[in-house]
Amino acid sequence: SEQQYLDLLAHVLEAGDRRVDRTGVGTLSVFGAMMRFDLSGGSVPILTTKTVWWKTAVKEMLWFLTGGTNIRPLLLENVRIWTDWPLAAYRRETGEEISQVDFERRIVEDEVFALRWGELGPVYGKQWRRWLGPDGREHDQIATLIATLRSNPASRRMLFHAWNVGELEGMALPPCHMVYQYHVTSDGRLNCLMYQRSVDLLLGAPFNFAGAAALQVMLADQADLRPGELVWVGGDVHLYLNHLDQAREQLGRAPRGWPRMRLLRRAGSIDDYRIGDFVVEGYDPHPPIRAEVAV
Ligand code: THF
């Protein structure tokens, strides 16, 4: 239940090691955590102790699945959560003090500008769908996963990975949620274990749970299975020092029970899901909690 998340939030506040991180903001950090979310019956871990823009998280997941690595398609879908990194690079390299809104407008209106400045490098989508092998062949890890779910569901090799060591340097940000492993029970439930090496517990984690759950719902649909458990494992689990008041505010709120997610239709393939195919029912969250993302 959501209490697992609140307990982890409280634990990081209480026991987190205070340190300076890559971004210079500073964090409270604990190492190693696990949560288990039960997706059977359609439940999904979309937090209720604050409003989570689950459509944004699902759109992000659909974008990963397209194999894309440019923020333009995200902006065309009104998703702004990846703008900060290309924007910082643009300001750094040009010295121009462009606003986020103007930068986003240029990416949307000018395709050539987007190709040059909207690229994140070989991040998630590239590695999931087009991992480059030593012989020059590209590997579609998602297609392989679905084929194995259908043909050999007892396999212990059903996973995909984004931590491509040889390509890390070209990425705007190395992958945080880096490996997803799947497991099928004898009665046809699809379980997922997702390992996330670095966890922005207040801002990022709620999106990561929703995205991973949506992916599990799609994969189950494609393989004629029912969603089972989502097991989430975190490495460096942290709260940015400018998120502490927000964390305390959230801890004062009572969870309201998970909503349910379902698909309106069975898509022909994993590439054919659209945001309009997803319905979330029974979502009655507390109000949003504003916080700045560390870049
Ligand atoms: N970097 C950091 N510091 N934290 C992260 O969570 C994170 N990500 C992705 C890449 N780098 C990261 C980006 N994911 C928001 C949510 C997810 C993000 C980035 C930003 C965010 O600002 N959410 C707000 C507003 C949502 C909206 O406007 O739609 C929120 O209130 O939830 C982890 O994958």
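Predicted model: local features only at pLDDT ≥ 70, side-chain atom pairs only at ≥ 80, totals over all residues.
1. Six strands make up an open sheet with mixed pairing, and their order is 1-2-8-7-6-5. Strand 1 (17-19) and strand 5 (159-161) are the edge strands, each of which pairs on one side only. From one strand to the next, the twist averages 20 degrees.

2. Strands 6 and 7. Strand 6 (residues 177-184) and strand 7 (residues 189-200) run antiparallel and are joined by seven bridges. Two positions can be checked in the viewer: His-177 has Gln-196 of strand 7 as its bridge partner, and His-183 stands opposite Asn-191 in strand 7.

3. The hairpin. Four residues lie between the strands in the hairpin of strand 6 and strand 7. In this hairpin Gly-188 takes a positive phi, near 85 degrees.

4. Strands 5 and 6. The pairing of strand 5 with strand 6 is also worth a look. The two run antiparallel, with three bridges joining them. Leu-159 has Gln-181 in strand 6 as its bridge partner. Strand 5 is one of the edge strands of the sheet.

5. Helix packing geometry. Two packed helices are described by the angle between their axes and the distance between the axes. For helix 1 (residues 3-15) and helix 10 (residues 244-251), the angle is about 140 degrees and the axes are 10 Å apart. Angles over 145 degrees would count as roughly antiparallel, so helix 1 and helix 10 are oblique to each other. The crossing of helix 1 past helix 10 is left-handed.

6. Helix contact residues. On the helix 1 side, the contact is made by Leu-6, Leu-9, Ala-10 and Leu-13. These meet Leu-244, Ala-247, Gln-250 and Leu-251 in helix 10. By class, the residues of this contact are seven nonpolar, one polar and no charged.

7. Ligand shell. The ligand is surrounded by 15 residues, and the closest are Ile-81, Asp-200, Gly-204, Val-293 and Ala-294. Helix 9 (residues 204-222) supplies the largest share of the shell, three residues. By class, the shell holds ten nonpolar, three polar and two charged residues.

8. Link between sheet and ligand. Strand 7 covers residues 189-200, and Asp-200 is among the residues closest to the ligand. Helix 9 covers residues 204-222, and Gly-204 is also among those closest residues.

Notes
Residues numbered from 1 in each chain as written. Near = placed C-beta within 6 Å. Nonpolar A, V, L, I, M, F, W, Y, C, P; charged D, E, K, R; others polar. Pairing = 2+ DSSP bridges. Axes fitted to C-alpha atoms, helices over the stretch in contact; angles between N-to-C directions. Parallel < 35°, antiparallel > 145°, perpendicular 65-115°, else oblique. Left-handed = near helix turned anticlockwise from the far one by under 90°. Contact = placed C-beta atoms within 7 Å.
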